[in-house]
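Okay, thanks everyone, let's get started.

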Amino acid sequence: MESAISTGLIGLSLGSQYAMIAIGFTLIFGIMGVINFMHGGGYVIGGYLAFAVSSGMGLPFPIAVIGAAIGTALIGYLIETFFVDKYVDDHNATMLITLGIYLVVTTVIIIIFGPEPVSGFSFPISGVLRWGGLYFSYSNIVVLVICTTTIVAVYSLIYRTRYGIALRAMADNRAIATAQGIRPGRMFPVAFSLAMALAGLTGALVTPILVLEPHLGEGQLLKAFIMVILGGLGSVAGATIAAFAVGAVEAYSSVYLGGSKGALVLFIIVLVILLVRPSGLLGREARKA
Amino acid sequence: MRPRRYRDLIVDIWGILVIGPFLIVPLADWGPLWRSLTHQILIGMTASFGVYIMMRMRLLSFTVPAFMALGGYSAAILAKAGFTNLLVLMAVSFVVPTLAAVPLGFLVLRLKGVYFIFFTFILNEVFQVALFEIPGPTGGSDGIAGVPPATLFNADLGSPRMLVLVTILTALVAAGITFATTHRYRAEFSSIDENEPLAESLGVAVWWYRTIGFLTSAGVSGLAGFALVHQLTAAHPSSFASFSAIDYVAYTIVGGAGTLLGPVVGAILLVTMSNLFSGQGLYAAALFGILLTGAVMVAPRGVIGELRYLVERMQARPRGEEATRATQREAGHESA
């Protein structure tokens, strides 16, 4: 029983990480209609920026994490402004452009840091919290707290501020929102950089616990696909629910079935849910691709 | 001016004819570098026909590697069992993915837009994991090694030249099937592409034509899988990695998704460039990324789409000038 609860806590921590990735991905898609193949790259950039700041410059880990999030946001802003903005209405074009940028970014990372997983980059807090038969690592607790706080902050931004209302208006109907005076040219880069910052922050927090290597982005992108498809495209709430569900399934299936079989179980669940609800849990009519 | 349908037909026929010159590689016995390049181009081209068929109905499908795996593995299992006739292997590698696409189509074709894209992407991953996890005839993570080469009329097709010839033949067959399908259902595919709800309201059985496209796309992808397995003489899950779907999509979009010539040109261009870049080792992926981004930004309609647009504009200009002069002449007569 204790083992099941401990696994559930790990699932919760995983879910919070995945929620950060999924919210960013679904924000970009919901608001701009862009399938961002660079999103997994944001996770990798965040990890490497945090590594460079903490290990390379010797600054404290919290500063490295904040720096990584800001750095990734800045990169996202530049990508949107110079590459994506002009083609924002063309799904295929933006998909390939962001994919091309991902390939360039991965190569730049390999050139600077090498193709091997980095060593000497670990989470500053170690140890395990023991409570009866329950085990939960301190690093996972910190990640869970930071991710949950960030998710709440993002929700507040989206649902409680004028900027969030404007973002949601853009997502609902861009033409009407623009007619009301909301300027896509100002909203899109900020939304893109916000989403990339979420990915970067997650990468900075999680890679010291797991592993940091240049090709992590592809796996993260696949997870983002699964979560947004499960939750319903463009639905922040759906993506969050799906992320926690995926985290739980992954944790339990990894412990009780083994890694690859766990992935297979996850895919089967996705298939079944899509059979029942082709637009995901909280989805709406899909945009044209 | 000739009707659009006729012009499309000519461009699509060029898409098949362009494959012909590759025959010089086995016939003139060009070296291993050329053979390798020919294999890569033609297998990539054949796979991208699978993407092209679906894009004719505005569906961006990432299922190609999964169907390639089905076709490739089916042929490999059959060849290992002693059935090495080329025609049989090609038929099986087409039919098995097509049959598998029937239930999958029921599942996948209910999805629309971006859900379809994501779902087909995930489907590849399912196939990958399943191939690794499920032992038995597919060999699990070891795959199937030592696949015997195909034979035709008792002739062994295992020499390097013959392997290339089989790849060319497979590409030609795939191009022919793609050409036949997209022209037979041209009007229906175009109506779905332009306005699906309108097409449906006018009585076009959208689900039926989507299914036809999906099944053909699966079969053509299976042929690409067969060509790959035949060239490598092995079937391994890593040969059908889900991210390779992006390459095939890139060939189609960069070349131009409007005509059969598009994926042909896209595959030739991108595979050749990535081979040139591979000499740069570490920088190869970045150079490919720059090429991809640049190509989409400079030519959003794809190479062939942009060329056709330019030609049509050039042809339209003289006619426009002629019409203006005629109007001016008529106006002159009236005032006189």
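Predicted model: local features only at pLDDT ≥ 70, side-chain atom pairs only at ≥ 80, totals over all residues.

On the chain B side, 37 residues are in contact with 39 residues of chain A. Which elements of chain B give two or more residues to that side? They're α6 (113-133), α11 (244-255) and α13 (284-298). The largest share comes from α6(B), with 15 residues. By class, chain B's side has 29 nonpolar residues, three polar and five charged.

Helix α9 of chain A, residues 216-231, packs on α6(B) at about 130°, and the axes are 10 Å apart. That angle makes α9(A) and α6(B) oblique to each other, and their crossing is left-handed. From α9(A) you've got A:Leu222, A:Phe225, A:Ile226 and A:Ile229. They meet a set in α6(B) that includes B:Tyr115, B:Phe118, B:Phe119 and B:Glu125. The residues of this contact split into nine nonpolar, one charged and no polar.

Now for the pair inside chain B. Helix α3, residues 32-55, and helix α12, residues 261-278, have axes that come within 8 Å and cross at roughly 140°. So α3(B) and α12(B) are oblique too, but here the crossing is right-handed. Among the residues that meet are B:Gly44, B:Ser48 and B:Tyr52 in α3(B), and B:Gly266, B:Ala267 and B:Asn275 in α12(B). The count for this contact is ten nonpolar, seven polar and no charged.

How values were computed
Residues numbered from 1 in each chain as written. Chains lettered and ligands numbered in written order. Contact = placed C-beta atoms within 7 Å. Helix = DSSP H or I, 4+ residues; strand = E, 2+ residues; numbered from the N terminus. Nonpolar A, V, L, I, M, F, W, Y, C, P; charged D, E, K, R; others polar. Axes fitted to C-alpha atoms, helices over the stretch in contact; angles between N-to-C directions. Parallel < 35°, antiparallel > 145°, perpendicular 65-115°, else oblique. Left-handed = near helix turned anticlockwise from the far one by under 90°.
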